[in-house]
Amino acid sequence: MTMSEQARHCSFGLTKTFIKTKHTMKFIGIIPARYGSSRFPGKPLAMLGGKPVIQRVYEQVAQALDETYVATDDERIYNKVLAFGGKAVMTSTEHQSGTDRVNEAVQKIGGDYDVVVNIQGDEPFVQRSQIDAICQCFDTEGVQIATLGIPFKTIDEVRNPNSPKLVLDNAGFAIYFSRSLIPYPRAACECHLGHIGIYAYSVRNLKRFCALPASALEDTEKLEQLRAISAGEKIAMLEIKTASIGIDTPADYERALKEFGNGI
């Protein structure tokens, strides 16, 4: 992590305690993956550098966490994960969000984990430093949900509805997430932050989150983190400088292929 990242690392104005730290807590990584994406069906099994996307994600996460599972509702994905030596759990086809799928997976897996790290199944370039950083947020007393953000480089990125934006309060907690351009730049602004789809939840908070009904904001923006915001939950945000390439659309997939020298 760079010095600039460390300067913003979990500075939420909360009391620091080390009763349980990253080194004593038990973390588990869950990667929700479904086959039927509306924008890119079958993307977990799309080939990237000679391996399916889901394997790329799994291998990145497994470097950082002792336990990693893929949570899916599709036997094709489940069987592919087992074939490359990974761990997977079948979940319901009825879930409305990846976090609900993660919660079911954690309940099925069992174990006495403290924190669940939710890494999207379309993030093959997720970095160990990002996962380490979000885990370290739980060294700060009171943090129950954490996520990552990164400054946008261009106004075109800010205007892209496939790139969620977030706004923070002065303590470093998320106020709102949106697909729209927020804050609106009436004047010159360098405060646009993009959301990177990695979350970490205390196990207790994950259960509470998934017991909440979907909010009107969540249904409108199709951003599940707004369920927590609507319920008054605090989401701690860590600003990082290292970007990854998420695969939401076929155009994103083409960009990812270029990162691997067009190798499929």
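Visitor: Which residue forms a salt bridge with Arg-255?
Guide: Asp-252 does, and the closest N and O atoms are 3.8 Å apart. Keep in mind that this is a predicted model.

Visitor: Where do Arg-255 and Asp-252 sit?
Guide: Both are in helix 10, residues 250-259. They are three residues apart there, which means a separation of about one helical turn.

Visitor: Is Asp-252 buried or exposed?
Guide: Asp-252 is buried, at a relative accessible area of 14%. Arg-255 is partly exposed, with 46% relative accessibility.

Visitor: Which residues do salt bridges with shared partners join into one network?
Guide: Asp-100, Glu-218 and Arg-227.

Visitor: And how many salt bridges in the whole structure?
Guide: A search finds 14. One of them joins the side chains of Lys-51 and Glu-59, at 3.0 Å from N to O. Lys-51 is partly exposed at 26% relative accessibility, and Glu-59 is partly exposed at 27%.

Visitor: What does Lys-87 form a salt bridge with?
Guide: With Glu-67; the closest N and O atoms are 2.9 Å apart. Lys-87 is in the loop between helix 3 (75-83) and strand 5 (88-90), while Glu-67 belongs to strand 4 (residues 67-72), so the pair ties together parts 20 residues apart in sequence.

Visitor: What's the relative accessibility of those two?
Guide: For Lys-87 the value is 34%, so that residue counts as partly exposed. Glu-67 has 22% and also counts as partly exposed.

Visitor: Switching to helices. Which residues of helix 7 are buried?
Guide: In helix 7, residues 203-211, the buried ones are Val-203, Asn-205, Leu-206, Phe-209 and Cys-210.

Visitor: Why do they line one face of the helix?
Guide: Because, looking down the axis of helix 7, the buried residues fall within an arc of 160 degrees. Arg-204 and Ala-211 are exposed on the other side.

Visitor: What do the buried residues of helix 7 pack against?
Guide: Helix 4 (98-109), strand 6 (115-119), strand 7 (145-151), strand 10 and helix 9.

Visitor: How many residues of helix 2 are buried?
Guide: Seven of the ten, so helix 2 (residues 53-62) is mostly covered. Among the buried residues are Gln-55, Arg-56 and Tyr-58.

Visitor: OK, strands. How many bridges join strand 8 to strand 9?
Guide: Four, and the two strands run antiparallel. Leu-168 stands opposite Ala-174, which is in strand 9.

Visitor: What do strand 8 and strand 9 form?
Guide: A hairpin, with five residues between the strands. Gly-172, in the turn, has a positive phi of about 95 degrees.

Visitor: Which residue has a positive phi although it is not a glycine?
Guide: Lys-222, at about 60 degrees. Most residues other than glycine have a negative phi. Lys-222 is in the loop between helix 8 (216-221) and helix 9 (225-230), and Lys-222 is exposed, with a relative accessible area of 60%.

Visitor: Last one. Which residues does a cis peptide bond join?
Guide: Ile-182 and Pro-183, with omega about -15 degrees. Most peptide bonds are trans.

Visitor: Where is Pro-183 placed?
Guide: In the loop between strand 9 (174-178) and strand 10 (193-202).

Methods: Residues are numbered from 1 along each chain as its sequence is written. This is a predicted model: local features need pLDDT of at least 70, side-chain atom pairs count only at pLDDT 80 or more; totals for chains, interfaces and linings use all residues. Side-chain values use heavy atoms; hydrogens and water are left out. Buried means under 20% relative accessible area, exposed over 50%, partly exposed in between (1.4 Å probe, protein chains only). Two strands pair if DSSP finds at least two bridges between them. A salt bridge is a side-chain nitrogen of Lys or Arg within 4 Å of a carboxyl oxygen of Asp or Glu. The arc is that of the directions from the helix axis to the C-beta atoms. Contact means heavy atoms within 4.5 Å.
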